[in-house]
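Here is a briefing on charged side chains.

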Amino acid sequence: MYSLDLKDRKILTLLEGNARESHSTIAKAIGLSKDSVKYRIQRLEKQGIIGGYRTIINLSKIGYELYSVCVKVINVKDMNAIAIEIAKEQKLFWIAELDGAWDLLFVLWAKNAHEADIMITRAQQPIGIVTEKLVTQVINFQFLPTYKDLNKKPHIIDLEHVEVRIDSIDKAILRTLNLDARATLLSLAKRLEVDPMTIYHRIKKMEKNGIIIGYTIIIDASKLGLDHYSVKINLVNPLQRNKILTFLQDKITGITHVLGGYDLDFDMYTRSTQEYYELLKELSTKFDIKTIEHFKIVQTHRIKFLPEEL
């Protein structure tokens, strides 16, 4: 576990808000020299706290839907091997081993429900006996900053199926920015053999029409001494949803709104298992909760933000 000072936390917060922010802009914002900022970022990368730079892309704008699948299994000796096998699915977005109410969670992109059903059936084959399964369609999700005391503004993706036409150059730009959100216009131009100003205007156009939502970093919370949990709640009174989110606002890192499933679905970080269970107990005391399911994200096997076919 690494201990960060305020300057490091501010750097992470600024990069979470915009991973394409220049060293000069960050330096001016936090009162350091450009070289000091560059050194600190390189150190955070070397420590593994910054795991990469990603572009937040709304794939519903180019014809995709997002589905989440939770499964409970029996008689599985090597969940790690199964997760690795499922991760070969080309349109898989995310897959993780869990400890709690569910054993495995995977999220995938599909053109429609029929395609999603085929992909889910195929992904289940390595698992064996599935005793319970929950499939939901994601219609909105939010990424919230790690350090809420420094920034509370989330990245929000509304998955509305309004398709925008893009060509092969746009797709190449998205693929490249997906691998490195900090790629410069010159490096993009050299790699794609396209004029830098053409790339600049195409990026701005995709930002304007909502294909590109923003740019952020991948933070390994475990390196900061944080445990990653997911909580799914059904409420007696659904109107309490926003009150619960306000109550937990300093802990929540992601909020998912799904069609079907649960009234409230969110991810959170805590410093310990004890802190986590104390929060759950307090939730049950303060609010009218019908059911609450929770699990720890034990290991993530794949995060791939674009389908390989794009």
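In which helix is K171 found? K171 lies in helix α6, residues 168-179. Helices (H or I, at least four residues) and strands (E, at least two) are DSSP runs, numbered from the N terminus.

This is a predicted model, where local features need pLDDT of at least 70, side-chain atom pairs count only at pLDDT 80 or more, and totals for chains, interfaces and linings use all residues. Residues are numbered from 1 along each chain as its sequence is written, and side-chain values use heavy atoms, with hydrogens and water left out.

**Positive surface patch**
- K111, K171, R175 and R191 gather in a patch of positive charge on the surface.
- Patches are made of residues with over 30% relative accessible area and no salt bridge; like charges are joined within 9 Å, and nonpolar side chains (Val, Leu, Ile, Met, Phe, Trp, Tyr) within 5 Å.
- Lys and Arg count as positive and Asp and Glu as negative, while His and the chain ends are not counted.
- The place of a charge is NZ of Lys, CZ of Arg, CG of Asp or CD of Glu.
- K171 counts as partly exposed because its relative accessibility is 30%.
- Buried means under 20% relative accessible area, exposed over 50%, and partly exposed in between (1.4 Å probe, protein chains only).
- The areas come from the Shrake-Rupley method.

**Salt bridges: the count**
- Side chains of opposite charge can pair when their charged atoms come close.
- A search of the whole structure finds 15 salt bridges.
- The criterion is a side-chain nitrogen of Lys or Arg within 4 Å of a carboxyl oxygen of Asp or Glu.

**R40 and D8**
- R40 bridges to D8, with the closest N and O atoms 2.9 Å apart.
- This pair links distant parts of the chain, 32 residues apart: R40 sits in helix α3 (residues 34-46) and D8 in helix α1 (residues 6-17).
- R40 counts as buried because its relative accessibility is 16%.
- D8 is buried too, at 2%.
- A network of salt bridges links D5, D8, R40 and R43.

**K91 and E115**
- K91 forms a salt bridge with E115, and the closest N and O atoms are 2.5 Å apart.
- The partners are 24 residues apart: K91 is in the loop between α4 (79-86) and β3 (92-100), E115 in helix α5 (residues 113-124).
- K91 is buried at 7% relative accessibility, whereas E115 is partly exposed at 22%.

**K296 and D227**
- K296 and D227 meet in a salt bridge at 3.8 Å, N to O.
- The pair spans 69 residues, from D227 in strand β8 (residues 227-235) to K296 in strand β11 (residues 289-303).
- K296 is partly exposed, with a relative accessible area of 27%.

Notes
Areas by Shrake-Rupley, 256 points an atom, 1.4 Å probe, with all protein chains shown as cover.
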